[in-house]
Amino acid sequence: GADDLPYAIANIYVDLHSPKSGVPVLWWRSVGHSHTAFVVESFLDELAHIAGQDPYQYRLALLKDHPRHKAVLNRAAEMAGWGRPLPQGHFQGIALHASFGSYVAQVAEVSVNREGRVRVHKVACAVDCGKTVNPDTIIAQMEGGIVFGLSAALYGEITFKKGRVEQSNFHDYPVLRMHEMPEVSVAIIKSSEAPGGIGEPGVPPIAPAVCNAIFAATGRRIRRLPIRP
């Protein structure tokens, strides 16, 4: 998810540091694609800003040789009405990531209140997972991946004190509640390619899409998760 970028960038250097820890760390939904997508898609947004270009158009220009990436990116932007006027105080962020043989782009519409708290109002999601069998399952998995990723981005943190985990249940390790859930729309790209995975690819784009929207709203970059007010 980091060294196999689809973007036409000539010079890329990726390094890995794996610190040893006494705390067992195991697998998470979307595995390493979760944090690599956050890093890559946040960084692409920063490059677009430095270049003075629209984040969607900037990505599109770098995807000339990747039609499946372009297709989901275009569809998500179209669904979200990218570039059209939004309700007052609402801003959009976009992200794109391929994993497990499937391609997903998401646009998040967010607002940030005076206290710095983030509310995600809408998520437009386009997915190309190759040949499809059950569209309802694909939509459900995208919705589930989005709420899982949002819970992690907004709340998911484990802390330690005197060698013990401090969190014990949902009162101190919250997940997204019903009243916090954004309106999610999912589009499935028709494809004759081999089927890809669908249980995990919905997770990676949501955190960077939300954080890129936060930058659009506030001018502040989020480089550490979970998001703090």
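User: What makes the group around Val118, Val127, Leu150, Val210 and Ile227 a nonpolar core?

Analyst: A nonpolar core is a set of buried nonpolar residues joined through side-chain atoms within 4.5 Å. In this predicted model, the largest such set has 30 residues, and Val118, Val127, Leu150, Val210 and Ile227 have the most contacts inside it. The elements giving two or more residues to this core are β2, β3, α4, β6 and α5. Helix α5 supplies the largest share, 7 residues. Apart from this core lies another, of 23 residues, including Tyr7 and Val72.

User: Which residues is valine 118 in contact with, beyond its neighbours within four places in sequence?

Analyst: Contact here takes heavy atoms within 4.5 Å. Valine 118 reaches Val110, Ser111, Val112, Leu154, Val210, Ile214 and Ile227.

User: Why is β3 described as largely enclosed?

Analyst: Look at the count: 8 of the 11 residues of β3 are buried, so the strand is largely enclosed by the rest of the structure. Strand β1 is mostly covered too, with 7 of its 9 residues buried.

User: How do you know that β2 and β3 pair, and in which sense?

Analyst: Two strands pair if there are at least two bridges between them. β2 and β3 have 10 bridges and run in the antiparallel sense, so they meet that cut-off. Alanine 105 stands opposite alanine 126 in β3. The hairpin of β2 and β3 has 5 residues between the strands, and there glycine 116 takes a positive phi near 85 degrees.

User: What other strands are joined by bridges, β1 to β2 for instance?

Analyst: β1 and β2 run antiparallel, with 9 bridges between them; glutamine 92 stands opposite glutamate 109 in β2. β3 is also joined to β6, in parallel, by 6 bridges. In that pairing, valine 123 stands opposite valine 184 in β6.

User: What makes arginine 59 and aspartate 45 a salt bridge?

Analyst: The test is a side-chain nitrogen of Lys or Arg within 4 Å of a carboxyl oxygen of Asp or Glu. For arginine 59 and aspartate 45 the N to O distance is 3.2 Å, so the pair passes. Arginine 59 lies in helix α2 and aspartate 45 in helix α1, so the pair ties together parts that are 14 residues apart in sequence. Both residues are buried. They also belong to a network of salt bridges that links Glu41, Asp45, Arg59 and Arg221.

User: In the salt bridge of arginine 223 and glutamate 46, why is glutamate 46 called buried and arginine 223 exposed?

Analyst: Their side chains meet at 3.1 Å, N to O. This pair links distant parts of the chain, 177 residues apart: arginine 223 in the segment after α5 and glutamate 46 in helix α1. Buried means under 20% relative accessible area, and exposed means over 50%. Glutamate 46, at 18%, is therefore buried, whereas arginine 223, at 60%, is exposed.

Conventions:
Residues numbered from 1 in each chain as written. Predicted model: local features only at pLDDT ≥ 70, side-chain atom pairs only at ≥ 80, totals over all residues. Heavy atoms only, no water. Buried < 20%, exposed > 50% of the residue type's maximum accessible area, 1.4 Å probe, protein only. Helix = DSSP H or I, 4+ residues; strand = E, 2+ residues; numbered from the N terminus.
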